[in-house]
Amino acid sequence: MYLASLRSEWFGNVRGDLLAGLVVALALIPEAIAFSIIAGVDPKVGLYASFSIAVLTAIFGGRPGMISGATAATAVLMITLVKEHGLEYLLAASILAGLLQIAAGALRLGQAMQFVSKSVMTGFVNALAILIFMAQIPELVGVPAMTYVMVALGLAILYLFPRLTKAIPSPLVAIVVLTTISLSAGLDLRVVGDMGELPSTLPIFLLPDIPLTLETLLIILPYSAAVAVVGLLESLMTAQIVDDLTDTPSSKNRECVGQGIANTVTGFLGGMAGCAMIGQSVINIKSGGRGRLSCAAAGIFLLFLIVVLGDWVSVIPMAALVAIMIMVSIGTFSWRSLKELTLHPKRSSVVMLATVVTVVWTHNLAIGVVIGVMLSGVFFASKVAQLFRISSTLEPDGRTRHYKVEGQVFFASAERFASAFDFKEALDHVTIDVSSSHIWDLSGVAALDRAILKFRREGATVEVIGLNDASATIVDKLAIHDKPDALERMMGH
């Protein structure tokens, strides 16, 4: 069974994976160079990283068909480290970030994705589409007029060629056609070679030249931790998107480990840490890539292109790659979400828009997702708290009252719980029935404590009935109302 699955993941779509891998490799080159420039290092650092990470995540990652490499999300976190300490510390930080990600996978932190709501996912996707488009703007400002013609021609090929045949990926056709036209007509256009010099040698395995001391660890640890968290967050979100695009599942914990192995090894090969790339992953899927072979092929083709065919690759007009990335941004954006703004609950729409605005404003996907998840949690707690009520009945003798608690007792409903009781009513006995409720946390237990102790202070005996097993466990562990000095402790708090 395992061998059959492995064979399917690697060789179930050989032709499609190889062609898609070639397209992705071409798209990776200018981005890897740009990300190197962002981090303040030589272009080869990003190019070597994209090769290494792509191949290793293809082997060890948990999401077939997803492309990983050097990214802007991780590059921006390394800027200060490179400025203050240099390239060798960046390599060491990349290694440590990888080890932290392996640990996260071993601790099964990939399961945390279940707490990311659909609204946050939609906001993440839309923000990413906007950022991809915004990243192309510098290539469209202050350029020859012919650039716009070439971009328009590239978009026409990308959208119209699939109507003729899908045997060859339209992005590959667009690159070949636009490069041919540019060379034949001698057009003065910005090309890949203008982004930076391509390396001409293979990466070699070297230990970072840094002192192995506690001081060094304290220098790189904050950067490594940030890269590990942001890299995993973006990788797991991208994996979820590819899951949806392909209607296939993936192992999030294995992806954590795979990303960690890739970043650890890449640091020894002279590359910077990276993570999954939503734009390239979408290009891969749209170009027919589905298996692990597509990601591995992208990395291998990338290295072959820059080392062996670097002179040819350097003359590819940027207009061709800009057209491809514009297509990706258009295809990535969830246009249906605009229509659904008026159909979905307002709180869901607010979460989605907040995620988009935060990501676009900060250019940091992690911050946007964290804000979205926090808002989702607050709105959910608020909604659950509203589904809470307490009713009561008074016995004919006027000395005994029964309270019926319904709903969830936790931090968001604890105040309503406490205010539902009339402690000044002259009673001999009070029954609090919680059989239709659940006590979740310390706030809920504290609210129950206060109610019981206040009734006792007024001279009533209190009986709590209907505690389910989970509620009884937390009450037995945390409650103070049966402690000898309970009243004094409550007053002290």
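A salt bridge here is a side-chain nitrogen of Lys or Arg within 4 Å of a carboxyl oxygen of Asp or Glu. I looked these up in a predicted model.

**Entry 1: D428 and R399.** I found the side chains of D428 and R399 joined by a salt bridge, at 3.0 Å from N to O. This pair links distant parts of the chain, 29 residues apart. I placed D428 in the loop between helix 19 (414-419) and strand 5 (429-439), and R399 in the loop between strand 3 (389-394) and strand 4 (400-409).

Entry 2: I looked up how many salt bridges the structure holds, and the count is ten.

**Entry 3: R63 and D243.** The side chains of R63 and D243 form a salt bridge of 2.6 Å, N to O. R63 sits in the loop between helix 3 (43-60) and strand 1 (68-69), and D243 in helix 10 (residues 214-246), so the pair ties together parts that are 180 residues apart in sequence.

Entry 4: I asked which residue K252 meets in a salt bridge. The partner is D243, at 2.7 Å from N to O. K252 has 12% relative accessibility; the cut-off for buried is under 20%, so K252 counts as buried. I therefore logged R63, D243 and K252 together as a network of salt bridges.

Terms used. Residues numbered from 1 in each chain as written. Predicted model: local features only at pLDDT ≥ 70, side-chain atom pairs only at ≥ 80, totals over all residues. Heavy atoms only, no water. Helix = DSSP H or I, 4+ residues; strand = E, 2+ residues; numbered from the N terminus. Buried < 20%, exposed > 50% of the residue type's maximum accessible area, 1.4 Å probe, protein only.
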